[in-house]
Amino acid sequence: MQSIFSGIGNTLKSVGNKISSVGKTISVGVTAPLAALGVATAKTAVDFLKLKENTRTAFKVLLGSAEEAEKMLDSLYTFAKTTPFSYDTYLQAGKQLVAMGFAAKDTIPYLDGITNAAIATGSGQEGIITLSEAIGRMSLKGKVQLEELNRMIEMGVPAVKILGNAYGVTESQIYDMMKKGKLLTDEALPKLLDGMNRSTDGVNGMTTAYGGLATEMKGTLAGDLDSLKSKFRNMSIDMGDSEEAYPILQEVIKSFTKTLEVLPKVFINLTKAVVPVLTKVNEKLQAFGEYLDNVDPKKLELIGKVILGLAIAGPILIILGKLTNVIGGLFSAIGSIVGILPSVGSVFGVVATVGDLHLFLRL
């Protein structure tokens, strides 16, 4: 029976170990990555939908209606698909341009020129945002100024040279026109955009044409990587039906916010409940303080010595306990040795007897 039950037990243990092993493998190989994917997709979807909603709200105000806002969003999405960059980038850049006075019909052509320039200078997605802000600020001010032109030059766009060739003047004359406030954006920005897209040639030398670079970059590694990000974002939104879930999520957040408003009402008497407890604690502390004031100083000193003695004795007792265990083990071993001495004695007796017999036979 012992053999049978032991066999069953060992078999069950073996099966249990295998099941645990499979469970660990699944947890590491499937559960953990799936959980990580869920977190990543949820964050990506929510972040994008927040950006899109904020941009939609801004466009409603800036363009005058919800219909015009949706048209602008659709135009940006259609344009984004022709470039290697994500829709998110153009939501930000488009919002900047429109907020700074660009008409909806002019936004996409300027974004096209900005995208080509960003690719040519190697500044990528950040370059699109930077150039959009610089050009937007010029439009808002109504005049081309040095601060914005310097930002473009720092990125590698020869803006002064392009404008000089477009106006037929030297770079120094362009700077002089800026100082005098004669370089108005209504005329200068279209010339700058055209010069970025197409090469210019004039008194300042030739500049490079950036036009068409966005289309060419679609087939590059950098373009493919950015397209991958866009695909992941779209997948994140589609996996959870995030567009549909977003309003519900808003309602959940609103409901939770209301609970925070109600909680103070629930706990409005918290202070009243705490005060009696604190009062009682204070009374006990005051009584203890009075006792310490009235107790014999020698008694206090004795109490202090006892406390310190106990503090020191604690570690010593631990060491002493361990030492006692060792000594106990030693005595147990001695007891075992004493216990087998009679048997050892018998063996020695037999050996002695055999020795005597052997001696007798020899005689």
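Is E133 buried or exposed? In this predicted model, E133 has a relative accessible area of 19% and is therefore buried, since the term applies to values under 20%. The residue is found in helix α5, and, when its neighbours within four places in sequence are left aside, E133 is in contact with Q96, M100 and R151.

Helix α5 (residues 124–141) also packs with helix α3 (residues 87–99), the two axes coming within 8 Å and crossing at roughly 10°. Because this angle is under 35 degrees, α3 is described as roughly parallel to α5. On the side of α3 the contact is made by T89, Y90, Q92, A93, Q96 and L97, while α5 contributes Q125, I128, I129, S132, E133 and G136. By residue class, the contact of α3 with α5 comprises five nonpolar, six polar and one charged.

Three aromatic pairs are found in a search of the whole structure. In one of them, the rings of F79 and Y90 have centres 5.0 Å apart and planes at 80°, so the pair is classed as edge-to-face. This pair links distant parts of the chain, as F79 lies in helix α2 (residues 66–80) and Y90 in helix α3, eleven residues apart. F79 counts as buried at 9% relative accessibility, and Y90 likewise counts as buried, at 0%. The rings of F102 and Y110, with centres 4.7 Å apart and planes at 70°, also form an edge-to-face pair, and both F102 and Y110 are buried.

A further ring takes part in an arrangement with a charge: the charged end of K191 sits over the ring of Y167, at 5.3 Å from its centre.

Notes:
Residues numbered from 1 in each chain as written. Predicted model: local features only at pLDDT ≥ 70, side-chain atom pairs only at ≥ 80, totals over all residues. Heavy atoms only, no water. Axes fitted to C-alpha atoms, helices over the stretch in contact; angles between N-to-C directions. Helix = DSSP H or I, 4+ residues; strand = E, 2+ residues; numbered from the N terminus. Parallel < 35°, antiparallel > 145°, perpendicular 65-115°, else oblique. Contact = heavy atoms within 4.5 Å. Nonpolar A, V, L, I, M, F, W, Y, C, P; charged D, E, K, R; others polar. Buried < 20%, exposed > 50% of the residue type's maximum accessible area, 1.4 Å probe, protein only. Phe/Tyr/Trp six-rings, centres within 6.5 Å; stacked < 30°, edge-to-face > 60°. Lys NZ or Arg CZ within 6 Å of the ring centre and 35° of its normal.
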